[in-house]
Amino acid sequence: MSDLQVIGLSGIRAARTASHRTIFRQGDYNYLAQGKIIHGAVARDPGNTGDVNVLRAGLLMGMISATGLYAPSLIGVTTGAYTSGGTTITVSAAQATEIVRRVGSSGTATLRVIGPPTAAGTVAVTSCTFSAVDTTTGIITITSLGVDKVAGSFVTAADGSQLPLTLIPDGYGIQVTDVDGSDVDVSFPQFPISGVIVSASIVNWPSDTSLRTWIRTNLSSVSQGKFVFDDLYGI
Amino acid sequence: MKPTRKVVGNKGRYTRTTAERRTAPISKYGAPARRLNLRDVGEVDIKLIHSFGEQALDPLVLKQLRSKDAYTLDMGLDEVKRQVTDFGERFHNLRLATVLQVLKSGVLYYDANGNLLPSSSGAVETHSFQMNANNQNQCNGIVTASWALQNTNIPLQIRLLRQRARRLTGYPLTTALYGENIPTYLSQNEYIIDYLARTPTMRDKMMSAGAMEIPDGLFGIDKWVPVYESFYEDNDGTNQSLWAADQITFTPDVNESWWEIVEGSFEVPTTINIVSDAEQAMRSLQTVYGAFGYGVVTHNPPTVIGYAGDTFIPALKVADAIYQMDVTP
């Protein structure tokens, strides 16, 4: 017996728009039979400004080892290069907010920083211990990583989801909260395991070539996904 | 002004879509199809304006009145009819003034007593219709020079506005609602004087339009509509103009895709008698959309109370479709 709720004074409200994104270049793709489940409590898309509870098409998804549920692989992207010994890394304010929400304000080895030491270098997955997160400036106070990282390195959780296995497919996105704003686990019925991907449509698609290779080799492997990336064809 | 949609209560929702204007990419003959994006889709919530008033009529006094024409005792029915008609007219005036105010400024202002205000001065309530600032005042660079200057290239400004309208929403601008200074600016403008001198049909139209009004069709605008006579009397008895002297609002042809008059519903009692139960009492209420009215007799002392009201909103569904231009920056 619900009623349409329009709160406030008379007038026209701002439109709420659902934006469609395509990640497949063409109609040849496959989904895993029966689908999977997205863990709503840890799933957000901080780059989807105003609708962070809607996971956009193209968002990389990985499996949480302990539960088999799925969550976004990348939480943040560093805005500047990191030199070994340094005590801070910086992401966007929205990404910092999500780190606090999903992982916490501090933690021992509960974050990963994934990236090469130099442009196009060898990508390393480095464990990260952090003690504070400024959600206004995006500055994360960390214990030295012991290695350099290029700008654009990925900041992820350490629950297994940091390794991307799939991504949210074409469409208007997947909402992970109910009408009251509460986290809910949701179906992931269209779970891509193969197809031709428009690389530029991948959320947080990096400019560094070795990070691009890292994403490709995780999504597309001998025994798992079979994806083709259109940027390798001179597009 | 014609209502085009009815909603239950005082709120509604409509879907907003945008037309496709991109081109398709080409493919090599024989290659698989390229997957293309769907268009965005949105929804917009609206909250209707509601007005509800009552007037009390004293039958003990009215009964002694005589009819205006025949001077016979008529129980004051002549006067009652006049009062009822005028009472209802207030709600009709509210609708008319609201429509013009939305077209003029895209925002409604009310004082603490709910009286419509011509500007934000003294406003306690502000009701927005989501007008884009780029579609107001000088329309983000369209009005580069005042129309009060005789050497301003007014035709070019109008052409640029029409071009922008097509690109922004696809709706062609066909109608211009204008204030009292606009004909003067046009008739004294160097570009327009030259144009009219070489276009007898348009010049003759301007002369025959009466009081130097702007002829339909001038510069590709199908209808030039003078609205400077519109006004309302405020609660203090002061006449308030509903249109600024230097303002033109350009709109497309009225179309439900960008403009609707939405009427909401109100439950009007049809009886105040005792009925058998609450269900019957509920059933005795009549759902009325838009303007409504009903009367009640009280008994101690005997009084006739008339109730009237309205629930409506001029839904400017595509605010970008109109341009509220101030021609004198």
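Strand β2(A) runs antiparallel to β3(B), with 3 bridges joining the two. This is a predicted model, and that pairing across chains is a handy way into it. From there we go to a sheet in chain B with its helices, then to a few residues worth a click in the viewer.

**Around β3 of chain B**

- Look for G11(A) here: K47(B) of β3(B) is what it stands opposite.
- Within chain B, strand β2 (residues 11–17) is another antiparallel partner of β3(B), this time over 7 bridges. R13(B) and D45(B) face each other in that pairing, the latter sitting in β3(B).
- In general, strands of a sheet pair through backbone hydrogen bonds, in either a parallel or an antiparallel arrangement.
- How many of the 7 residues of β3(B) are buried? The count is 5, so strand β3 (residues 41–47) of chain B is largely enclosed by the rest of the structure.

- H20(A) is in the loop between β2 (16–18) and β3 (24–31) of chain A.
- Its relative accessibility is 9%, and because buried means under 20%, H20(A) counts as buried.
- Beyond its neighbours within four places in sequence, H20(A) touches N37(B), L38(B), R39(B) and D40(B) from chain B, along with G171(A) and Y172(A) from chain A.

**The open sheet of chain B**

- Chain B has an open sheet of 5 strands with mixed pairing, and the order is β8-β19-β13-β9-β10.
- The edge positions go to β8 (136–137) and β10 (223–226) of chain B; each has a single partner strand, so one side of each is left without a neighbour in the sheet.
- β8(B) runs parallel to strand β19 (residues 323–326) of chain B, and 2 bridges join them. Q136(B) stands opposite Q324(B) of β19(B).
- Helix α3 (residues 154–168) of chain B packs on this sheet and touches β10, β13 and β19 of chain B, with its direction at about 155° to that of β19(B).
- Helix α2 (residues 77–105) of chain B lies across β8, β9 (175–178), β13 (247–251) and β19 of chain B, and the angle it makes with β13(B) is about 95°.

**Q95 and N204 of chain A**

- Q95(A) sits in helix α1 (residues 93–102) of chain A. With a relative accessible area of 11%, Q95(A) is buried.
- Setting aside neighbours within four places in sequence, Q95(A) is in contact with P46(A), I75(A), G76(A), V77(A) and N204(A).
- N204(A) belongs to the loop between β17 (192–197) and α2 (209–219) of chain A.

**Other backbone spots to check**

- Q34(A) also has a positive phi without being glycine, near 75°. Q34(A) is in the loop between β3 and β4 (36–38) of chain A, and it counts as exposed at 84% relative accessibility.
- Over in chain B, the peptide bond from N300(B) to P301(B) is cis, with omega near -5°. P301(B) is in the loop between β17 (292–299) and β18 (302–316) of chain B.

How values were computed. Residues numbered from 1 in each chain as written. Chains lettered and ligands numbered in written order. Predicted model: local features only at pLDDT ≥ 70, side-chain atom pairs only at ≥ 80, totals over all residues. Heavy atoms only, no water. Helix = DSSP H or I, 4+ residues; strand = E, 2+ residues; numbered from the N terminus. Buried < 20%, exposed > 50% of the residue type's maximum accessible area, 1.4 Å probe, protein only. Contact = heavy atoms within 4.5 Å. Pairing = 2+ DSSP bridges. Axes fitted to C-alpha atoms, helices over the stretch in contact; angles between N-to-C directions.
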